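Thanks, everyone; I would like to take a few minutes to walk through one model with you. Please have the sequence and the coordinates open while I talk.

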Amino acid sequence: MKTLKLALAAGAALTIMAGAAQAKTLVYCSEASPEGLNPVFYTAGTTFDATSVPMYDRLVEFKQGTTEIEPGLAESWEVSEDGKTITFNLRKGVTWHSNDVFTPSREFNADDVIWSFERQMNPEHPYHKVGGGSYEYFNAMSMPDLLERVEKVDDHTVRFHLSRPEAPMIANLGMDFASIFSAEYADAMLEANTPEMVDNNPIGTGPFEFQMYQKDAIIRYAANEDYWAGRTPVDNLVFAITPDASVRYAKLKAGECHVMPYPNPADVGQMRDEDGIIVESQEGLNVGYLAYNTEKEPFTDARVRKALNMAINKDAIIDAVFQGAGKEAKNPIPPTMWSYNEEIEDDPYDPEAAKKLLAEAGFADGFKTNIWAMPVQRPYNPNARRMAEVIQSDWEKIGVEAEIVSYEWGEYLKRSKDGDHQTVLLGWTGDNGDPDNFLAVLLSCDAVGASNRARWCDEEFDNLVMEAKTETDQAKRIELYEQAQVRFKDQAPWATIAHSVVFMPMREEVKNYKISPLGKHDFYGVDLAE
């Protein structure tokens, strides 16, 4: 794409903080490259930070720093008495970005909402297969069965027709997969025979406009001068892609970036003593886990999975990997989330019992397997390689020989989605504050082949979480989710490892940054002191 010809070398990008005094440039030392520039294809926070958060808007949004829903591109909405129809009243006067191949001729309207959802839900849509047609989140959330149609009532009113009531539906529409795209831009690129431009040269309505991207080096954005919610204080936003946490820290100290995510836990104490640096922290709405591929032997047997769980010394992992900034996980949802089942007992650390259970399952002499370890730091796992080494050592004590495997982050996610792994380290940060976003998105039958890396399809569990979706009484939803957690623990498709504390180091001149409980890194409204 033409804008990529403007790419700067990574080293040159870091000099912009010393550039012209009249422009405010906020530099974020991000941890990895995005998988792509269209958020509807992916589920990783790295990708969302670089795409949907700065460049796109949704019908509803999460108030910064909270899980509270507020109006976005929809000013208001009404839900029918039976819960199966939602009518959105759209905001007027919202303008689109432009780029070197497209200048919009109209403002945002209902056609854009229709196009954005039709692309994902309609196999006959002209853009459905553009970019591979892999709508991970849309499919993992059972949207193909739930969303019957999106109706244009008039230019500023749309109506969603559902096949059933869906308790978390409004919150779901604040998520990244529900970002709104320009139908006019898509039509223009289709006519020009370059439909891939919609995915690779983004046009949105968000607070920042895309400027350029050089993979593994830099992404540049400029402030949207006409943003409907008000222009953001900084003029430019730069993602300086820096995979190594120690290098990110060095750049932060040197003033080459203003904000960095995912510090090494061992560095946090020193950071707090550093002149010019502040470290904010918050208990994360997250879980780190090891998923067993339940479609592959010997992980088809719950006894094998249970035995491996009992062989893992989670105390040692908390000490070695999280440096104390985490707590052991027993459930697939974090303890700060409603419906967390306190009554569940975790699998005990008991290597001798694990050996007996393996023998009972027919593996008295153990077996060989692999452990996939992420190449990047995540809020739920600051050092996957070290975690894999601890687990590898623990499993060796019960006769299980595990090879540690890793790939580039995008390839890691793609291969694990396809089920190439035997066991895989991953995790999740909640997207909307609802248990459905963990239990259904990560573990339902619909999510197999997408975000369900265990590829676990259990009828009893699935019935519970699907019933909870349609239930409007929260007390009943809690009861169903508590039962689902019991079934999960009994069948052990994961080893639940840890819930972490999230640390955000930044330079003291950064103002108004809010840690998101949803794991986003949102720079709208953030300013730099003179």
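This is a predicted model: local features need pLDDT of at least 70, side-chain atom pairs count only at pLDDT 80 or more; totals for chains, interfaces and linings use all residues.

As for its place in the fold, K520 sits in the loop that runs between strand 18, residues 510-511, and strand 19, residues 527-528. Is K520 buried or exposed? Its relative accessible area is 17%, and because buried here means under 20%, K520 counts as buried.

Let me turn to the largest pocket, which holds about 430 Å³ of space. Of the 24 residues that line this pocket, the closest to its centre are E61, F62, Q64, E70 and D522. If we ask which elements give two or more residues to the lining, they are strand 2, residues 60-62, and strand 3, residues 69-71. Sorted by class, the lining of the largest pocket has ten nonpolar residues, five polar ones and nine charged ones.

Next, helix 8, which covers residues 183-191 and in which A183, E184, Y185, A186 and M189 are buried. What do these buried residues pack against? Their partners are helix 4, residues 110-121, and helix 9, residues 197-200. After helix 8 comes N193, and the phi of N193 is positive, near 65 degrees.

Finally, the cysteines. A search of the whole structure finds one disulfide, and the residues that it joins are C445 and C457, with an S to S distance of 2.0 Å. Both C445 and C457 lie in the loop between helix 17, residues 436-443, and helix 18, residues 459-470, so the pair ties together parts that are twelve residues apart in sequence. The link of C445 and C457 is right-handed, with 95 degrees about the S-S bond. Within this pair, C457 counts as exposed, because its relative accessibility is 52% and the cut-off for exposed is over 50%. Elsewhere in the chain, C29 counts as buried at 0% relative accessibility, and C257, with a relative accessible area of 0%, is buried too.

Terms used. Residues are numbered from 1 along each chain as its sequence is written. Side-chain values use heavy atoms; hydrogens and water are left out. On a 1 Å grid over the protein atoms alone, a cavity is a set of points where a 1.4 Å probe fits but cannot get out, and a pocket is an open set with protein on both sides within 12 Å along at least five of seven lines; lining residues have an atom within 4 Å of a point. Grid points are joined across faces, edges and corners, and a volume is the space filled by probe spheres set on the points. Helices (H or I, at least four residues) and strands (E, at least two) are DSSP runs, numbered from the N terminus. Ala, Val, Leu, Ile, Met, Phe, Trp, Tyr, Cys and Pro count as nonpolar, Asp, Glu, Lys and Arg as charged, and the others, Gly among them, as polar. Buried means under 20% relative accessible area, exposed over 50%, partly exposed in between (1.4 Å probe, protein chains only). Contact means heavy atoms within 4.5 Å. A disulfide is a pair of cysteine sulfur atoms within 2.5 Å.
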